[in-house]
Amino acid sequence: MTKLKMERLPEELRKTLGYLFKNYTEEELISVVEAYEYAKICHSSQIRKSGEPYINHPLNVALILAELNLDIVSIKAGLLHDVAEDTNATLADIRMKFGEEVAHIVDGVTKIDKIDISKTNIDKKAETILKMFFAMAQDIRVILVKLADRLHNMRTIDSMPRLKQEEKSRETFQIFSPIAHRLGIHSLKWQLEDLAFKHLYPNEYEKIADMVDEKRANRELITEEYKSLLQLSLARQGINCDISGREKHFYSIWQKMTKKGKTFDEIYDLIALRVLTETERECYYVMGLVHNLWKPIPGRVKDYIATPKSNGYRSLHTTVITHRGEPLEIQIRSKEMHNEAEYGLAAHWLYKEGKMSKYQQNWLKKLEEWHQDYKQGYTGFKDFQNELQVEEVYIFTPKGEVKHLPAGATTIDFAYSVHTEVGHHFAGAKVNGKIVQNSYELKNGDIVEIIVNKNRSGPSLDWLKWARSSSTRAKIRRFFKKRDSDRLVDQGKDILRKASKRLNLSIDDILASEKITEFLNLNQNFTENDILMKIGDANYSPEQIITLFTEEEEEEPIVVDGEKVKSKNTVFVNGESGIDVKIAHCCNPLPGDKVVGIMSKKGITIHAASCPNAQDVKEGELVDVKWGDTENEFYLAQIVLESSDTSGKVLKDIIQRTKEKNLKMKEVNTKFNDWDYVVYTISVYVRSAGQLNDIIEYWKGLKGISRVYRARRK
Ligand code: MN
């Protein structure tokens, strides 16, 4: 080092250069110092809120990046990241002095900074996330610099006003730590979380810090004991590994306490060990030795090497009961895996050959898809935010392949993740060998087999209701777009326009109304366009829409079911009116059905005469009952309907026709039976058994229906 006069440089920069030293020439290191000097001059008139010179901030950002083992371009960009925004220097200056790559990253970071996310609403925030992601798709280093910037700002947040501290902490939780998690950069994730936790929940943070502190001495002793025992047992087999005690982060302790309702003492992985091996094969060997030493707790052994998490995380986890009788969590991984776990995507930037693991390649591919869907309007801001916040589940195909899906994903998401065509021809699914409803939420380790109906013409818009992942929704929307979404949207608009004129409401009012969402059986997964498409697709009449909004004045029917006690003259008991009775849940009789009354301590319950519970009743308990005047009452009844058509068309037909008959429906449940028929259980309000039978007969005559019958039990 001749030209580099290290002693004159600030400590952070010397450390930073220390990280770069192995991989770069002296010439290159000097260019880093030049970036520092340039930034220092540009920021010379600025001071930070804490009173220190501004340059301390970029210096620390660069050091954080160096600690992540990032390349020299990122380091220079870190030093210069605030120059273009806050000083007189321009991007052109930076490009000229430090090259295109550095300027590109600085530009990206500046653009992200220009969106003031704290002042805007949640959608704007999501938009920011999008912009960050897309910036990243071109060069991930933009996001890494931004994360390092945020980390240093969080470290120095004490000098900010309280309100600002809370705002920034919230953002960190909502946006930045999830991104670090997605990228698999654990070391950034936990630092961001702990800092945000500290400033958002200062009291809770202090409490946990105290508790951790209080037991530290004792814990360290025990950890040492475990460590040396394990070390010895490994050494006997000639294996040499790094074993270290692992401190739990405050935020994750707090999460465990609040989410799982545990007390501090119950969180047993406060003591945890990590074993770093040389090779993957050794991991399994070490796990065997660990289980030989201490008994594993069943269900707590996790093999993330065979099935890595979607962010690429690989490791073996096990929890054992030690000779002291307490649980101990142990993570076993190779040094390479450990590096990836701590630095994630960043770990690979160190090597200039640009070698990325297949997870990272998949991640970038997914980003690109998201970008396309977003640009073309198939993916909304909300989709994005959800995607970022949620945890994941991993699911197996019948062949044992692993798929990662957002938590809460359903079989439809799974079908689309297998292949878009599989999704489009989805007819149901078996989970662990059993048919499940479309609303079934997949759980870790489920084996899912999709039932495909080759005759399907395409997806149903109803599926949006169950689609958890944004890519599933995008694929369904894209299908309709390709087919006829414009036409359907126009048709829907047309119907609403006619209705709106007569209702004296705007189309927007109608669209925003709960009556529409209820009528169409939608949830928040639907956009305005989806709703229009649905209306157009089902081809409702304007009258049907109008009825929704005019029905209001009509009196709500008096609904009678088991919980309600009837009185007055609707039922005659031993020829008398005005006696309170209950309608039995088991047989659910309707006016017109032959009934008997059974007397018990709780009163008189009305059963169908054919009800099993009404047979073999002791003489004194049987009461003579007859239906009286039930004209103004509605009774909840259930009709079961089986159909071989899985597209939902039959149901749509039925709902439409039944509306015309002025029959009120309460809910529809969908199931598949063993022959892959759809079984709908439809709850309706009726006045009598006669009306119910009429409806059943009417439905029997409709196309595509194989069986209709009244369900006796609820
Ligand atoms: Mn900054």
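This section describes the manganese site and the aromatic contacts of a predicted model.

The manganese ion has four kinds of contact to describe by residue and atom: His57 (NE2), His81 (NE2), Asp82 (OD) and Asp149 (OD) are its protein donors. They lie 2.2 to 2.3 Å from the ion. Along the chain, the donors follow the spacing H-x23-H-D-x66-D. Histidine 81 sits in the loop between α4 (72-80) and α5 (83-86), and aspartate 149 in helix α9 (residues 141-155), so this pair ties together parts that are 68 residues apart in sequence. Both histidine 81 and aspartate 149 are buried.

Aromatic pairs number 16 in the structure. One of them joins tyrosine 201 and tryptophan 254. Its ring centres are 4.7 Å apart, with 35° between the planes, and the pair is tilted. This pair links distant parts of the chain, 53 residues apart. Tyrosine 201 lies in the loop between α11 (186-200) and α12 (202-214), while tryptophan 254 belongs to helix α14 (residues 250-259). Tyrosine 201 is partly exposed, at 31% relative accessible area. Tryptophan 254 counts as buried because its relative accessibility is 17%, under the 20% cut-off. Both rings belong to one aromatic cluster, formed by Phe173, Phe197, Tyr201, Tyr205, Phe250, Tyr251 and Trp254.

Tyrosine 304 and tyrosine 313 form another pair. Their centres are 5.9 Å apart and their planes meet at 70°, so the geometry is edge-to-face. Tyrosine 304 is buried at 10% relative accessibility. Tyrosine 313 is buried too, with a relative accessible area of 15%.

Charged side chains also sit over rings. Lysine 309 lies over the face of tyrosine 313, 5.2 Å from the ring centre. Arginine 48 lies over the face of tyrosine 54, at 5.8 Å from the ring centre.

Technical notes:
Residues are numbered from 1 along each chain as its sequence is written. This is a predicted model: local features need pLDDT of at least 70, side-chain atom pairs count only at pLDDT 80 or more; totals for chains, interfaces and linings use all residues. Side-chain values use heavy atoms; hydrogens and water are left out. Donors are N, O and S atoms within 2.8 Å of the metal (3.2 Å for Na, K and Ca); water is not among the atoms, so sites may look incomplete. Helices (H or I, at least four residues) and strands (E, at least two) are DSSP runs, numbered from the N terminus. Buried means under 20% relative accessible area, exposed over 50%, partly exposed in between (1.4 Å probe, protein chains only). Rings of Phe, Tyr and Trp (its six-membered ring) pair if their centres lie within 6.5 Å; planes under 30 degrees apart count as stacked, over 60 as edge-to-face and the rest as tilted. A charge sits over a ring if NZ of Lys or CZ of Arg is within 6 Å of the ring centre and within 35 degrees of the ring normal.
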